Amino acid sequence: MSLNEVRIQAEDFDLSTEVAQLRADHPKVGGVVTFVGTVRDLNEGASVSEMELEHYPGMTEQSISNIVDQAKQRWPIFSALVIHRIGSLKPKDQIVLVAVTSAHRGEAFAASEFIIDYLKTEAPFWKKERTPDGARWVDARVSDDAALNKWK
């Protein structure tokens, strides 16, 4: 069993529905790890009222698929699902879901962390925040780069 799915969408997602579909008919799954990223109302000391996410269609999906393939080469995982939203999002809105299944939790945790670390720094998304001082583009943080470096 080896399933990968990458979806870029404006619509929200339902965590329980996505996990149920990922596990359906797969009795070998012993662990499911999920990560849900959300829009914060504060970033770098400024209030955030909205985040606009853009991507490069086709290129973004391929980039994320490559990240998932790398995770599958490193750990014996069964499946991985990545959903990343685009468009206008408000604080508390869900931005991203990474879900990984494996026989054991350790592999699922490691693969999930690897995928999200690469997503934060390598996937071709552009993020613009709206703050009281106007709109500003958001770059990867130093901590995101440091997290990525542990995998190299």
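Visitor: Hi! Which residue is the bridge partner of His 55 in β9?
Guide: In this predicted model, His 55 has Phe 125 as its bridge partner in β9.

Visitor: And how many bridges join β5 to β9?
Guide: There are 6 bridges between strand β5, residues 50–55, and strand β9, residues 125–131. The two strands run antiparallel.

Visitor: What about β5 and β7, parallel or antiparallel?
Guide: They run antiparallel, with 3 bridges joining β5 to strand β7, which covers residues 87–89. Leu 53, for instance, stands opposite Gly 87 in β7.

Visitor: What is the strand order in that sheet?
Guide: The order is β7-β5-β9-β10, an open sheet of 4 strands with antiparallel pairing. β7 and β10 (134–138) stand at the edges with a single partner strand each, so one side of each is left without a neighbour in the sheet. From one strand to the next, the twist averages 25°.

Visitor: How many bridges join β9 to β10?
Guide: That antiparallel pair is joined by 5 bridges. Within it, Lys 128 stands opposite Trp 137 in β10.

Visitor: Now Lys 127. Buried or exposed?
Guide: Lys 127 lies in strand β9 and counts as buried, at 19% relative accessibility. The cut-off for buried is under 20%.

Visitor: Which residues is Lys 127 in contact with?
Guide: Leaving aside neighbours within four places in sequence, Lys 127 is in contact with Met 51, Glu 52 and Leu 53, with Lys 120, and with Arg 136, Trp 137 and Val 138.

Visitor: How many salt bridges does the structure hold?
Guide: It holds 5 salt bridges. Another one of them pairs Asp 12 with Arg 85, whose closest N and O atoms are 3.5 Å apart. Asp 12 is in the loop between β1 (3–9) and α1 (15–23), while Arg 85 is in strand β6, so the pair ties together parts that are 73 residues apart in sequence.

Visitor: And how accessible are those two, buried or partly exposed?
Guide: One of each. Asp 12 counts as partly exposed at 47% relative accessibility, and Arg 85 is buried at 8%.

Visitor: Which residues are linked in a network of salt bridges?
Guide: Glu 5, Arg 7 and Glu 18 are linked that way. The Glu 5 and Arg 7 side chains meet at 3.0 Å, N to O. Glu 5 is partly exposed, at 37% relative accessibility, and so is Arg 7, at 21%.

Visitor: Switching topic: how many residues of strand β8 are buried?
Guide: 9 of the 9 residues of β8, which spans residues 94–102, are buried, so this strand is largely enclosed by the rest of the structure.

Visitor: Which strands does β8 pair with?
Guide: β2 is one of its partners, in the antiparallel sense over 8 bridges, with Val 33 standing opposite Val 100 in β8. Strand β6, residues 77–85, also pairs with β8 in the antiparallel sense, over 7 bridges. There, Leu 81 has Ala 99 as its bridge partner in β8.

Visitor: Last one: where is Val 36, and what does it touch?
Guide: Val 36 is in strand β2, residues 31–38. Not counting residues up to four places away in sequence, Val 36 touches Phe 13, Leu 15, Gln 94, Val 96 and Leu 97. Val 36 is partly exposed, with a relative accessible area of 26%.

Visitor: And how far apart are Val 36 and Val 98?
Guide: They are 62 residues apart in sequence, and 6.7 Å apart in space from C-alpha to C-alpha.

How values were computed:
Residues numbered from 1 in each chain as written. Predicted model: local features only at pLDDT ≥ 70, side-chain atom pairs only at ≥ 80, totals over all residues. Heavy atoms only, no water. Pairing = 2+ DSSP bridges. Axes fitted to C-alpha atoms, helices over the stretch in contact; angles between N-to-C directions. Buried < 20%, exposed > 50% of the residue type's maximum accessible area, 1.4 Å probe, protein only. Contact = heavy atoms within 4.5 Å. Salt bridge = Lys/Arg side-chain N within 4 Å of Asp/Glu carboxyl O.
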